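Please keep the sequence and the model in view while reading.

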Amino acid sequence: MNPLWKLDRTLPAGSPFEPGALHDVVIVGAGITGLSTAVMLTRAGLDVAVIDAGGIAQLATGANTGKLSLLQGAQLATIRRHHPAALVRAYVDANRSGMEWLLAFAELAGVPFTRHTDHSYAQGPAGKDTVDEQHSAAREAGVPARLLPPASLPATPFPVAGAVALDDQVAIDPVAVSVALAQELLTAGGTLHTGVRATRTRALTGRVDTTQGPLFADHIVLATGTPITDRGLYFAKTRGLRSYCVSFRVPDDLPEGMFLSVDGPTRSIRPVTAADGPGGDARLVVGGNGHPVGRSDGEAAAVEDLIAWTQLHFPGAEETHRWSAQDYESHDLIPFVGAMPRGLGRIRFATGYAKWGLSNAPAAAQRLTSEILGTPRRDRPSWITTIGTRLTVPADIRRGAVEGGKVATALVSGWADAESRRTPVPQPAEGEGVVANRAGRPVAVSTVDGVTRAVSGVCPHLGGVLAWNDAECSWDCPLHASRFAPDGTRLEGPALRDLTPLSPTDPE
């Protein structure tokens, strides 16, 4: 599954790795958060190194829909139901600041983007109340959104029962802007190491251990989706979500504007023109069908459902690419950004963007940069203070408790399911995987590209029994969203170790 944005694109490989090198700042993660933070700090004169286990825009940054919008579906209404108006306004101000910074950078770097009217829309009558709530929350937070009367609803090939609209929002190629950020970093004398996995951070010595040796810095920034340390227990304060995208060539005109449904199943629609996307031709990107990682009735079925929906409403639509993305949502619906507890003021992090990283990430970078540079609080934007001093409310506790209950259920049921299925098991068919019990321990057996492999079926983070992802041929942890390749290689999430390889179970 390869995102449209990585079509025929060569990404910068970065710099040779020097074990033991000392920098002012080491940033783990080469997505929008890490790279924008690196550029801001480099512009301020600091020596910055960025490392990533994969490449530039490897995970969430390179797999989103490329939307920059303050409307954000039902996000503002959802936050407002449980939080004061001041916090919603601060959230909007943060996203506006992040959006403005990224667009200013894109203009300076020559990265193209286009402006569209964004719509938060109801697919049926049941979603109309949420549309009204979203309009009210947006206006209260200073967003000039328009509630569209029935006669003014956009003419679309898919059903729209109600909508709130916001003009002058943006579609952009997220990988193109990431590459431009990396190029500025390197041109300014910064350091970029790709293919280098961080395995541990040590606050006392300012050390980042990696698979190729240590790096040292006065400040460490974890821009890794979810922090790769259990300090602060943020793996338990967020939940990992996967969603899916498919791009199409369509025979008729693309819809005017961007769309995101406020009711389920989620549908995200975004036109890609020759001016704001790769490949030089127009496409349609349709996303949605999100679910907690490792807890799905079928990932491949979710993708096929998106394809069927698109071909129903856009006859003749021809699939070109399919992919998925993983992001993290905090239980209080506002990103966590700042100093890591027990990090001695040296380790900082950002997580919990709830799929709106293209604006939240640069905003997080602004806050991280102000803290690292020691900008006086009185000189920082007010939204930083408001978000940084927010209070936990009963609804946040309830959401956390509900998610904790689901995690506990997944832990118990995973072990029970593995116990009920003992080895030897039939050799899985191509693209399939199964977890079974071998000598009292779960073993995960899969067949991919004609090769049958067996690995430990238990996540090394907190012992969750893994679930097979049939869309991406990966082992996913239903507890806290760690993911692994069929051979056990860690892909993402709070787990830091690979799965232990085992001998394949003898087929029956």
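**Pocket, cavity and a covered strand**

The second largest pocket holds about 300 Å³ of space. A pocket here is an open set of points on a 1 Å grid over the protein atoms alone, with protein on both sides within 12 Å along at least five of seven lines, and lining residues have an atom within 4 Å of a point. Grid points are joined across faces, edges and corners, and a volume is the space filled by probe spheres set on the points.

This is a predicted model, in which local features need pLDDT of at least 70 and side-chain atom pairs count only at pLDDT 80 or more, while totals for chains, interfaces and linings use all residues. Residues are numbered from 1 along each chain as its sequence is written, and side-chain values use heavy atoms, with hydrogens and water left out.

The lining of the second largest pocket comprises 18 residues, and Y234, D332, F336, R390 and T392 lie nearest its centre. Two or more lining residues come from each of β16 (336–339), α8 and α9 (394–420); helices (H or I, at least four residues) and strands (E, at least two) are DSSP runs, numbered from the N terminus. The largest share, four residues, is given by β16. By class, the lining of this pocket has eight nonpolar, five polar and five charged residues, where Ala, Val, Leu, Ile, Met, Phe, Trp, Tyr, Cys and Pro count as nonpolar, Asp, Glu, Lys and Arg as charged, and the others, Gly among them, as polar.

A cavity, by contrast, is a set of points where a 1.4 Å probe fits but cannot get out. One cavity of 30 Å³ or more is counted, and the largest cavity holds about 110 Å³ of space. Its lining includes Y91, N360, R367 and W383. Helices α3 (85–109), α7 (357–373) and α8 (382–388) each supply at least two lining residues, and α7 gives the most, with four. Ten residues of this lining are nonpolar, one is polar and one is charged.

Attention now turns to strand β13 (residues 267–272), where six of six residues are buried, that is, under 20% relative accessible area with a 1.4 Å probe, protein chains only. In a regular strand the side chains alternate between the two faces of the sheet. On one side of β13 lie R267, I269 and P271, on the other S268, R270 and V272, and all are buried.

Strand β13 pairs in the antiparallel sense with β12 (residues 258–261) over two bridges, pairing being assigned if DSSP finds at least two bridges. F259 has I269 as its bridge partner, and a hairpin of five residues joins β12 to β13. With strand β14 (residues 283–292), β13 forms an antiparallel pair over six bridges, in which R270 is partnered by V285.

Key:
Buried means under 20% relative accessible area, exposed over 50%, partly exposed in between (1.4 Å probe, protein chains only).
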